[in-house]
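This report goes through a few parts of one structure, helix by helix and strand by strand. Keep the structure in view while reading.

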Amino acid sequence: MEHVDVVVAGGGTAGSVVAGRLVEAGLRVLLLEAGPDYGPYVGGGWPAELIDAKTIPTSHDWGYRAGEELPGRALAYERARVIGGCSAHNGCTVSWGHRADYDGWAARGLAGWAADDLLPLFEAASTRMRVRRFADAELAPFHRAFIDGGIELGFPLLDDLETLDGVPSVCAQPSNSPGGVRWNAAFAYLDPVRGRGELEVRGDTIVDRVLVEGSTAVGVRAIGPAGSFDVTADRVVVAGGAYGSPAILLRSGIGPADELRALGLPVHADLPVGRNLHDHPSFEVAYEPTDELRRRTAAVAAEGHTAPDEQSFAKAASGRARAEEHGVFDLHLFAEVAMDGRLGIFVALVAPRSRGALTLSSLDPEAAPHLDHGYLNDRSDLEALVDGVELARGFASTASTAPLLAAEVEPAPSVATRTERSAAVRAGVIHYWHPVGTCAMGAVTDADGAVLGIEGLHVADASLMPSTVRATTNLPTVVVAEHVAVTLAT
């Protein structure tokens, strides 16, 4: 049977980071990715939609969908099934969050996770992911107007998304898109070591379960193009993301004992795997464009400039944050062209209190788990998100932005009272593509990502976050993986 030093289950954002760093440390690593591996960037084999940072692609999706948590709605929970994972599939917005997020983890007893501990990793990750700034000449008209509108509303123009000390403000977002290329984690961390004999990447190979003997992880069972196979390893790292990692652990007999027994699985460790699922609840305030916006956008295009879907960004504090968190921001707002093509202002609550759970629907590794994010279960989350929607309407009505936006499509001008807005937000809540928490440190793992009660098994992705961060989670996920990789390499 094949044996390696480390097998990494999942080649997404975190898995690419961990595999690359461990190979750099001299370990022999087998990286298994359920989606295709298109090789290094310079090889030229990547599909155009995954390379073009202008818009979010819809290919290479796992096919997760909302179920009973959002009855009657076919909301997709897009996750990328490809090497590089969601870093090959996202809007390229880069933000770090706030030091309160990470200091909060440290206050739970998770040593090494305080904001100041992580600053060097954030700086290294931003460099590795080739983060850049949009020049003024690159800003599309809608995004320029959004920023100017924020200034009209009293927000300072302040580029502090790549710090842990951000304040309510507006700016052109940092973006991991050098030359318009979506620079994903596979380019950043795998490409530099692809020529080394210590690394093997196998695409189109889904990990079924971790192989556990007694209380020790000894390898994984996976399914590739040629069928099922086992591989043994000194250490197993699960990096399937907030949906994939808990599913792998549950199929491996690691999770709530009653759930495992009900599925006919052995119980190797009774842990709250799948609990604590949460994302940033969000809402899109959608508009029809005016002829003036079409004219300005066409003029920019005629000059040879592209118009990315996402460029402008604002941070704000809801009433709850102003009252309870001393004004630390808890809202993200940005002008966007939505995935369905509508023009809008996206609003997200980035410090939610609501929690849900992930459970298995089947033992088939291709079967999507049941997902319940618990959106707006905590009433204060609803109130905070409604504050954000009201602010989005404020942006839309400024002198800078109003000439570019015609009729409000959603929720609609007739939704006039706060009670009506609350009902509209509850009915139309969506996600921000940032699920976390399902293998939380302090509950499922220790502070180094080691699964409690199972030797040789680690988790290294956003599922480790015990509480979410006030950020687009791609860079923080890179940092989580960097932190775990340092532990594994020593």
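In this predicted model, helix H4 (residues 115–128) and helix H13 (residues 474–489) cross at roughly 115°, and their axes come within 9 Å. The crossing of H4 with H13 is right-handed. On the H4 side, the contact is made by Leu118, Leu121, Phe122, Ala125 and Ser126. H13 contributes Leu475, Pro476, Val478, Val479, Glu482 and His483. Sorted by class, this contact of H4 with H13 has eight nonpolar residues, two polar ones and one charged one.

Next comes a sheet. Three strands form an open sheet in the order S12-S17-S18, and their pairing is antiparallel. Strands S12 and S18 are the edge strands, each pairing on one side only. From one strand to the next, the twist averages 35°. The table lists the strands with their residue ranges.

| Strand | Residues |
|---|---|
| S12 | residues 275–277 |
| S17 | residues 356–359 |
| S18 | residues 370–372 |

S12 and S17 pair over two bridges, in the antiparallel sense. Leu277 stands opposite Gly356 of S17.

Which helix lies across S12, S17 and S18? It is H7, which runs at about 50° to S17. Buried here means under 20% relative accessible area. The buried residues of H7 include Tyr243, Pro246, Ile248 and Leu250, and also Arg251. Just after H7, Gly253 takes a positive phi of about 85°.

What is Val7 in contact with, leaving aside its neighbours within four places in sequence? The contacts of Val7 are Leu30, Leu32, Val220, Val231, Ala233, Arg235, Val236 and Val237.

Conventions. Residues are numbered from 1 along each chain as its sequence is written. This is a predicted model: local features need pLDDT of at least 70, side-chain atom pairs count only at pLDDT 80 or more; totals for chains, interfaces and linings use all residues. Side-chain values use heavy atoms; hydrogens and water are left out. Buried means under 20% relative accessible area, exposed over 50%, partly exposed in between (1.4 Å probe, protein chains only). Helices (H or I, at least four residues) and strands (E, at least two) are DSSP runs, numbered from the N terminus. Axes are lines fitted to C-alpha atoms, for helices over the stretch in contact, and angles run from 0 to 180 degrees between N-to-C directions. A crossing is left-handed if the near helix is turned anticlockwise from the far one by less than a right angle, and right-handed if clockwise. Contact means heavy atoms within 4.5 Å. Ala, Val, Leu, Ile, Met, Phe, Trp, Tyr, Cys and Pro count as nonpolar, Asp, Glu, Lys and Arg as charged, and the others, Gly among them, as polar. Two strands pair if DSSP finds at least two bridges between them.
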